[in-house]
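Reader: I have a model open on my screen. Please show me how to read its features.

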Amino acid sequence: MSGGPMKPDIHPEYHTINIIMTDGTTFTTRSCYGKEGDTMRLDIDPKSHPAWTGQQRVMDTGGQIAKFNKKFAGLGVRKTA
């Protein structure tokens, strides 16, 4: 790389935006997201995601699992005549 200036008119606009974490804390960063001064509200971040916290949360209260078990309850069971 030569370290010279970037080619004109081929890069997206890079500007400052505000980030709101799941716990309500905020910070400012630079991004191509939105317009200057826009706010991005995160649904998942390092403070809440199990990959970073090491804590698993059960998201399903039985709805999807119960539906699966009901749908495939007889699978593999042969009826004799």
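Predicted model: local features only at pLDDT ≥ 70, side-chain atom pairs only at ≥ 80, totals over all residues.

Reader: In what order do the strands of the open sheet lie?

Author: Strands of a sheet pair through backbone hydrogen bonds, either parallel or antiparallel. Here 3 strands form an open sheet in the order β2-β1-β3, with mixed pairing. The edge strands are β2 and β3, and each pairs on one side only. On average, neighbouring strands are turned by 35 degrees against each other, direction ignored. Such angles run from 0 to 180 degrees between N-to-C directions, and the axes are lines fitted to C-alpha atoms. Strands (E, at least two residues) and helices (H or I, at least four) are DSSP runs, numbered from the N terminus. Two strands pair if DSSP finds at least two bridges between them.

Reader: Over how many bridges do β1 and β2 pair?

Author: Strand β1 (residues 15-20) and strand β2 (residues 26-31) pair over 6 bridges, in the antiparallel sense.

Reader: Which strand runs parallel to β1?

Author: Strand β3 (residues 39-41) does, joined to β1 by 3 bridges. Look for Ile20 opposite Arg41 in β3.

Reader: Is Ile44 buried or exposed?

Author: Buried means under 20% relative accessible area, exposed over 50%, and partly exposed in between (1.4 Å probe, protein chains only). Ile44 has 54%, so Ile44 is exposed. Ile44 sits in the loop between β3 and α1 (50-53). Ile44 touches Thr22 and His49, not counting residues up to four places away in sequence. Contact means heavy atoms within 4.5 Å. Ile44 and Thr22 are 22 residues apart in sequence, yet 6.7 Å apart in space, C-alpha to C-alpha.

Reader: Why does Phe68 count as exposed?

Author: Phe68 counts as exposed because its relative accessibility is 51%. Phe68 lies in helix α2 (residues 63-71).

Note on methods: Residues numbered from 1 in each chain as written. Heavy atoms only, no water.
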